[in-house]
Amino acid sequence: MFKKFTNGCVRVVNRWLPDPFLFAIILTIVVFIAAMVGTSQTPMQMVVAWGADTGFWGLLAFSMQMALVLVLGSAMASAKVCKKVLGAIASTATDKKKAIIIVTFVSTVCCWLNWGFGLVAGALLAKEVAKRVRDVDYPLLIASAYSGFVIWHAGFSGSIPLTINGGYEIPDVGVFQAPTSETLFHPANLVMVGIILIVMPFINAAMHPDEKHAILVDPALIADEQERKYKIEVPAEKIEHSKILWGLTVILGFAYIVWHFATNGFTLGLNIVNMIFLFLGVLLHGDLRKYVDAIADAAAGASGILLQFPFYAGIMGLMVAKNADGVCLAGIISNFFVSISTDVTFPVWTFLSAGIVNFFVPSGGGQWAVQGPIVMPAAQTLGIEPGRAAMAIAWGDQWTNMIQPFWALPALGIAGLSARDVMGYLVIILLFTGLVGILGFLAWGMFF
């Protein structure tokens, strides 16, 4: 029964899921109409809200941060040292069930540490495993690698907990702040992450199709890449490969990183996370020229972010466009859930509403910009601590990423697959993690 349901989900997704960019276009049209009807604004008002600097171009700085998270994590994962580690891990997969379990577990841990690194490391590990276990279903293997992304916002690179850790100011309302002990390291958050980390690998393994329906990997997709050969002849090439310049760069970067933590304590923001992965990448590659080439290779994976983020910023502009009475579509959605909530159920409804909003704003920082000004004051009114309210948004954001193809693009690019190949399996993960989120936030409100 379970495999029949899984196979049905795979067939539906393969038939109906469009390309992620077209998905963004369709969502733009849907939100445009919904916002116009819901807020009684004119089509031209909606066009202006969509194309304004605060709309279509409203996430340029954040887009750069997100692109760097992906590129720097990818460049680090491509270092020879990291590849050897991934190869050693892959060698422990001796059959198809173990292959799925190992890839899921490792990618989940990596995504919890850093979502960009996790996306890339998971896909690279899956390819290494596919070289060794030739009878494993390749789409499910890649789906397993991506499934670890479902806990990224509950981990070290989560933009919402990192933002509220430094203080989040809402004009005319106040400042909301929650240390990481009340968000990332709160026992309830750790328990939910632990359940997913332990149970999800076995759910993925249980979805493996029988031999007749398994899709094996195309050998061309897992062929070993030729390592670059460098000539060091002219002075310019000697400078590019200089160990002195490499060493000074590493010392400079890590000197600041150490100073940051010594001065500010264990505070993580997107900028310091990116700096850590940048200089770890430089260190592990052991050569500035090699690192430059690794960045160039990794930059191709950010093409989806560069193309689609402006459209999602435009959707955000539509979601928050207010009419003369100060009403916007995002407010209508969130206020509906607020109106039916108590201090225990409010985070659950926030989690569910965040999952819905994530379809239209598939960005943790963007989602915070949309829902933070609505959820945080409401949580304060209901007597809910800021950390729990903020993490409800974070969990909702990461939850529906399983069937929102935007963030799967880097892993799919590495694997040589399309979103249609993997999303059917991820519907099952969506259902499982949704249950964990609902029960987890109910328990957070009642017992913690």
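Me: Is Ile-164 buried or exposed?
Reply: The structure is a predicted model, in which local features need pLDDT of at least 70 and side-chain atom pairs count only at pLDDT 80 or more, while totals for chains, interfaces and linings use all residues. Residues are numbered from 1 along each chain as its sequence is written, and side-chain values use heavy atoms, with hydrogens and water left out. A residue is called buried under 20% relative accessible area, exposed over 50% and partly exposed in between (1.4 Å probe, protein chains only). Ile-164 has a relative accessible area of 0%, so this residue is buried.

Me: How far apart are the C-alpha atoms of Ile-164 and Ser-144?
Reply: Ile-164 belongs to helix H9, residues 159-165. Helices are DSSP runs (H or I, at least four residues), as are strands (E, at least two), numbered from the N terminus. Ile-164 and Ser-144 are 20 residues apart along the chain, and the separation of their C-alpha atoms is 31 Å.

Me: What is the distance in space between Gly-118 and Ala-77, C-alpha to C-alpha?
Reply: Gly-118 is part of helix H7. Its relative accessibility is 0%, so Gly-118 counts as buried. In sequence, Gly-118 and Ala-77 are 41 residues apart, whereas the distance in space, C-alpha to C-alpha, is 8.9 Å.

Me: Which loop holds Ser-40?
Reply: Ser-40 is not a glycine, although its phi is positive, at about 55 degrees. With a relative accessibility of 65%, Ser-40 counts as exposed. The residue is found in the loop between helix H2 (20-39) and helix H3 (43-51).

Me: How many salt bridges does a search of the whole structure find?
Reply: A salt bridge is a side-chain nitrogen of Lys or Arg within 4 Å of a carboxyl oxygen of Asp or Glu. One of them joins Arg-388 to Glu-385, with the closest N and O atoms 2.9 Å apart. Arg-388 is buried, with a relative accessible area of 5%, while Glu-385 is partly exposed, at 32%. For the whole structure, the number of salt bridges found is five.

Me: Which residues are linked with Glu-128 in a network of salt bridges?
Reply: Glu-128 meets Lys-131 at 3.2 Å, N to O, and Arg-132 at 3.1 Å between the closest N and O atoms. Lys-131 and Glu-128 are three residues apart in helix H7 (residues 115-132), which means that about one helical turn separates them; Glu-128 and Arg-132, four residues apart in helix H7, are likewise separated by about one helical turn. Lys-131 is partly exposed at 23%, and Arg-132 is partly exposed at 40%. The residues linked with Glu-128 in the network are Lys-131 and Arg-132.

Me: How many aromatic pairs does a search of the whole structure find?
Reply: Rings of Phe, Tyr and Trp (its six-membered ring) form a pair if their centres lie within 6.5 Å; planes under 30 degrees apart count as stacked, over 60 as edge-to-face and the rest as tilted. The number of aromatic pairs found in the whole structure is 14.

Me: Why is the pair of Phe-149 and Trp-152 given its class, and which class is that?
Reply: Phe-149 is buried, with a relative accessible area of 1%, and Trp-152 is buried as well, at 5%. Their ring centres are 5.8 Å apart and their planes meet at 10 degrees, so the pair is stacked.

Me: Which element gives the largest share of the nonpolar patch?
Reply: Patches are made of residues with over 30% relative accessible area and no salt bridge, joining like charges within 9 Å and nonpolar side chains (Val, Leu, Ile, Met, Phe, Trp, Tyr) within 5 Å. Val-191, Ile-195, Ile-198, Val-199, Met-446, Phe-447 and Phe-448 form the nonpolar patch, with about 700 Å² of accessible area together. H10 and helix H21 (419-447) each give two or more residues. The largest share, four residues, comes from H10.

Me: What is the relative accessible area of Ile-198?
Reply: Ile-198 is found in helix H10. The residue counts as exposed because its relative accessible area is 57%.

Me: Where does Asp-210 lie?
Reply: Asp-210 gathers with Asp-95, Asp-135 and Glu-211 in a surface patch of negative charge. Asp-210 counts as partly exposed because its relative accessibility is 39%. Its place is the loop between helix H10 (187-206) and helix H11 (235-240).

Terms used: Accessible areas come from the Shrake-Rupley method with a 1.4 Å probe; for residues, only the protein chains shown count as cover. Lys and Arg count as positive and Asp and Glu as negative; His and the chain ends are not counted. The place of a charge is taken as NZ of Lys, CZ of Arg, CG of Asp or CD of Glu.
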